[in-house]
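The following exercises concern the structure shown below. Each task is followed by a worked solution.

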Amino acid sequence: MENLENSIREVAEKLLSEKKVDLIIGYERGTLPLRTTPCFVDKVEDIQKLVWNASCDANLSKYVVGRKEKVGVVAKGCDARLIAVCVIEKQFPRENVVIIGVPCLGVIDRKKIEMELGDREVLEAIVEDEQIKVKGEGFDLVFPKNDFLCDSCLTCKHRNPPIYDVFVGEKVPEITEANEFAEVSSLESKSAEERWEHFKEELSKCIRCYACRNVCPLCYCKICFVDQTMPAWFGKTNDLADTMIYHIVRAFHVAGRCVDCGACSRACPMDINLRELMKKTEKIMKERYGYEAGVSLEKVPPLGEFKMDDPQEFIK
Amino acid sequence: MIKVKTAEKEWNPKILAFLCNWCSYAGADLAGISRMQYPPNIRVVRVPCSGRVNPYFIIKALQRGWDAVLVSGCHPGDCHYISGNLVARRRFAVLKDLLEYLGIEPGRVNFSWVSAAEGEKFANVVKDVVQKVKALGPTKRLVKGVVPYGKP
Amino acid sequence: MNNPYIPNLAVIRKITTENEANDIKTFELVFKDLEAMKSFRYRCGQFAEISVFGAGECPIGIASSPMDEDCIQFTVKKVGVVTTALHNSEEGTVIGVRGPYGNGFPLERMEGRNVVIVGGGFAFTTLRSLTEFILHEANRGKFKDLTVIYGARNPGELIYKHDLEAWGKRDNINLNVTIDRAVPGWTGLVGFVPAVLKEVAPSAHNAIAIVCGPPIMIKFTMPVINELGFPPEDVFLSLEMRMKCGIGKCGRCNIGNKFVCKDGPVFAYKELQMMPKEY
Amino acid sequence: MKWKVIEKSKLPALIAELASEYEIFAPVKEKSIVSFERLSSGNEAYLGFRNTKKPPKEVFFPQTEVLFTYRIGEKDVEIVESPAVKAKMMVLGVRPCDARSFVLLDKFFSFGEHKDLYYLEKRKNTTVVGLACNHPLSTCFCTSLEGGPFGKEGMDLLLQDINDKYLIETVTERGEELVKKFPWLKDAEKADVEKAKMLSEDAENAVKSKVSVKDVSEKLDRMFDDPLWDQIYQKCLGCGVCTFLCPACCCFDILDEETEERKRVRIWDSCQFSCFTLQGSGHNPRPSGKERMRQRIMHKFNYFVKNHGESFCVGCGRCVQECPVNLDIREVVGAISTRQVE
């Protein structure tokens, strides 16, 4: 980790001082334990702010969309894949971004730790090798890191960014055996009734803060469908139907583009597991059209094209 | 403003049908002039192409209380606009899978290809959809205003 | 206590199309409850929240003069959901009105002084209310010279054509109507509002200026106003902002700590100079 | 008597008794989320929380509130007013920071010529029972905002956790009336009060986070065009987490609902959303995150101070805890207070 951090700084410094980029987007230390915060460095003096650790969970590709200047982005596998998706969708030209690819062994899901601790608060945390040491008022605990990683990291198949300009550090082994759709499959095996009850319970917690939308690099629409007024398609209340529809349509919009970075689930203040929904879209795309988002800069997303012999078992 | 009543004495489902102008609408027409019998539960919206049917239309219909939606277009290869129905096919596939995954009953959203010559097929499609929806009962999920606003 | 969110019901008595593009209409309203009509006392420059049931609410400046007691008029441009729904309404439709809101023009301050009214485009609505008010025989004596400068893109976009015609025939108003570019058949003034203002050059002596128009017009008019020697405390502008509640609660129309709906929409230029430039 | 005590084990019985008279809202734990909910047979109050995820403002200012319903007839419209209040209400287990937010909201909703009855009527009809904070979180900074972990502002009664008992402090007359209804409540002993005082001091000292809002308010007057805003907004995503979870933020939108029963409702809205100030013409006075972020900070620490004499923040720390990108308001205020401005 320490080495990676130094390497990132070196690369960033080189890019900035050689004027290859105008801005580096990376992570800096956050104000709370187990947190980092996005950091924008345009001066070589500030390079030392950049950090790298298992709490670098923000998806920085979000900050590339809409930028005019050339930027260097510290990118994990998921970040790099989203940059690829945005490039295919012409949100910014490929040459405007220098992807500083960083191998990632997964980011820590602080919600899992909070869940474990209940009403106790983490005041200090150190992540060393495979352990998370947390301290607080009257406790001093050690957790195995792998049990507290984000769900999306546990089955991530691109821990090494598939697309990059500079690769920092050594490639890490990819996970090959994990079943990324296990959760989705288990939900699918339930009855419609059970699934409805499950999602109803989960989504009725939603407070429509749109953190899931705004944190998502793919939600770059100038005016989101829920904010449109001419016509005003769907309601903005927290009526269950409105909330459900918001999430269904958002899932539909990211179908074939979502790479399961997990940012929406992490951002949700009400701890809704949005990944269950997003992952389903990924599964549909994989099963129906054999498509995986963000691994190529050429392949058009599945809803942007068609084949004569696409499956149509659902059409009479 | 379309007003849908869901609770009537003897419940009869209301089904919104989006029919493509070039094939399915003509197919429905043929069913009509051929005096074919099919249940009177559908209300038709004529669209230029099944590709015109925005998934929002379908979801909005369900939210407004329509018991089911039927989208019907030309057979693959017959699209008046060459590929509108092929683009739509992918879209509908994803939408249908997603809605069903959330627990919306499979019979609520229906798709079919009906050509201008298939009056009988059209009548059968409608019969089939109505039968399925009758088995399901009135729509509740996704209908706005059924569940009170969030807590407290 | 009155619940400020409940609108009064009103019937659209008459609809007049104001411009060639057919996207500006004047709606003449009569309250269903005559008592409510009587208690709806308003000043020139105030606005009301108009409800089209099923579509929502939006704030609209009152275009009629407070002296007309039998109806209230609103001139509405078709831009959003509510205004479109309003445009699609027929005479006889019941809509909602709550208000009046806002501060209105500083009539007391204007008394005994010359009044210069500068307006552009569709923003002329509350200025029409003011002009009509001043021209009313009961009020005309309270004010000195009245100069009105009003411009639109082309003759078809000039609103209140009947009023303009009637005003033109009077001798107690100096009316200057202009269009941006010359067109065949137009015999009046040609030129942008700031240029015409410069030409007309109303004296700033014992005078108050009221300016209302699109941001670009304001931008070029203010230097001319300054040049003519109007002190900032005697120049008033009416601002627009997105509003929902109209009573200073919904939180979106503030400029600094002032709410356009409650403390405005009319602000002295002097006040505006001290407020953040966020409008 | 100002001081009473109740054994913790007896509290549920007390709540049950109160439930016959009041509609009670209290913190309820559902999975990982503690928020204020109407107590019913299906749930029970949970008082072991540090602070609730959602603030209690929604008891008086729910996320979606029906302003009135109406019927559209052939030629007519009929409005049916929705009464703001149905029953006597009680909010139980409100932390001092959140109770202080009621004071701020009271000021705001009763400000000006037009009063917001939906909020005020509910508020008037509600007894607030606070719960002192023995263990403030590291993100709490209430002491910087005229509050404290044992603050009483905005409450009728304050419960203080003294191990096996709650010490009940009456704050208002209404609180006193309430206590009188339960003659079986024991008078507090001197030791109890002293114990609470000690805990209060400890808690006060435990609030380590300090924010200097005093000079910030005055300074912000001169900082509207400061380049600082260009820096601090950059990482903001423009979501509504900070404003929706803020106990004070109360901006709203008004909509007509398309349900079969026609309603006009108001819903929470946020100054951080891009369409918040978007005008019909397409003009937006706050076009980017910079202006929106500035609005939030200015509103809390400058505009509200000018209009109501104090900051529109109670230092509960929810926005700090929950911001998806860890944009910490304490740092923003810190940056402003140390900024050199002319």
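**Exercise 1.** Determine how far apart the centres of domain 1 and domain 2 of chain C lie, and describe the contact between these domains.

*Solution.* In this predicted model, the centres of domain 1 of chain C and domain 2 of chain C, taken over C-alpha atoms, are separated by 24 Å. The domain assignment places domain 1 of chain C at 8-101 and domain 2 at 107-238. Across the contact, 17 residues of domain 1 of chain C meet 16 residues of domain 2 of chain C. The side of domain 1 that touches domain 2 in chain C comprises 7 nonpolar, 6 polar and 4 charged residues.

**Exercise 2.** Describe the contact between chain A and chain B from the side of chain B.

*Solution.* Begin with the residue counts: chain B contributes 36 residues and chain A contributes 35 residues. Next, consider the elements of chain B: helix H2 (55-63), helix H3 (84-101) and strand E4 (109-113) each supply at least two residues of the side that touches chain A. H3(B) gives the most to this side, with 14 residues. Finally, by class, the side of chain B that touches chain A has 20 nonpolar, 6 polar and 10 charged residues.

Methods. Residues are numbered from 1 along each chain as its sequence is written. Chains are lettered from A and ligands numbered from 1 in the order in which they are written. This is a predicted model: local features need pLDDT of at least 70, side-chain atom pairs count only at pLDDT 80 or more; totals for chains, interfaces and linings use all residues. Domain bounds come from an automatic or database domain assignment. Two residues are in contact if their C-beta atoms, placed from the backbone, lie within 7 Å. Ala, Val, Leu, Ile, Met, Phe, Trp, Tyr, Cys and Pro count as nonpolar, Asp, Glu, Lys and Arg as charged, and the others, Gly among them, as polar. Helices (H or I, at least four residues) and strands (E, at least two) are DSSP runs, numbered from the N terminus.
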